[in-house]
Amino acid sequence: MIFLIVFGGLMLILGGFYLANSWQQYREWKAGTIIVVLSLAAVIYGVINLPAFNHKKQHSSSEARSSQVTSASSFSNKANIGASDNGATQENKEMAILRQLQKGYSKFGDVSFDSKTKTYKVTPTDDNTVNALKQLAQDPSQAEQMGWSKLTDSFKKNSKDIDKAIGTDYSISIMNPGDDSQAMYTAKNGKTTYDIANQ
């Protein structure tokens, strides 16, 4: 496209001189005008199709959503999770895991802990991820295309780490950003218990 813009620009300049010369010398304007118009059209077409000005964002935005969905962090510093002090209360252990999850998923979303259901809830806040998950909630058939399994594998692994660190019966869920009372994925004891993609 840059070649087209440069070539069209040179032809536009030369065509302008040709048009001016033809009009002054021979009072002819048709051939010069055609050259100028075609050159101008080539320049405009080239500029519109440059990547910076290309407005066909559907494909690139779906790639961005896919990369956002798969960018969730696993536990950072897992050794600290496994090394819970035997003298610490269960509540302190739960809060330590919560802080670790909040650190690990800080770029992905907010993490909270529901002590009644023993569930760590991760609610996405990143705009691209939120949009992608809202689309997934409406059409679960997009899951594979969006890299959903990579994200859920990370959560399943974290569920297993929680199980080792503080005991069984703790769940971790990806919450629906459109309705944070509903989970889109839940893992417990290192196993998937709910996956919107399989419904």
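Author: Let's start with a term: two residues are in contact when they have heavy atoms within 4.5 Å. With that in hand, residues 24 or more positions apart account for 57% of the contacts in the protein with a separation of 6 or more. This is a predicted model, in which local features need pLDDT of at least 70 and side-chain atom pairs count only at pLDDT 80 or more, while totals for chains, interfaces and linings use all residues. Residues are numbered from 1 along each chain as its sequence is written, and side-chain values use heavy atoms, with hydrogens and water left out.

Reader: How many helices and strands does the protein have?

Author: Helices (H or I, at least four residues) and strands (E, at least two) are DSSP runs, numbered from the N terminus. Here you get seven helices and five strands. Their order from the N terminus is α-α-α-α-α-β-β-α-α-β-β-β.

Reader: What share of the residues is buried?

Author: Buried means under 20% relative accessible area, exposed means over 50%, and partly exposed lies in between (1.4 Å probe, protein chains only). Of the 199 residues, 33% count as buried.

Reader: Which residues of α2 are buried?

Author: In α2 those are G32, V36, S39, V43 and G46. They sit on the same side of the helix, because they cover an arc of only 100° around the axis (the arc is taken from the directions from the helix axis to the C-beta atoms).

Reader: Which residues have the most contacts inside the largest nonpolar core?

Author: Nonpolar side chains tend to be buried together in soluble globular proteins. A nonpolar core is a set of buried Ala, Val, Leu, Ile, Met, Phe, Trp, Tyr and Cys residues joined through side-chain atoms within 4.5 Å. The largest one here has 27 residues, and Y120, W148, F155 and I172 have the most contacts inside it. Elements that each supply at least two of its residues include α5 (90-104), β2 (119-124) and β3 (171-176). The biggest giver is α7, with six residues. Setting aside neighbours within four places in sequence, Y120 touches, among others, L98, F113, I162 and I172.

Reader: What does β3 pair with, and which way do the strands run?

Author: Two strands pair if DSSP finds at least two bridges between them. β2 and β3 run parallel, joined by four bridges; K121, for instance, has S173 in β3 as its bridge partner. β3 and β4 run antiparallel, with six bridges, and I172 stands opposite A187 in β4. Those two strands form a hairpin with two residues between them. As for cover, six of the six residues of β3 are buried.
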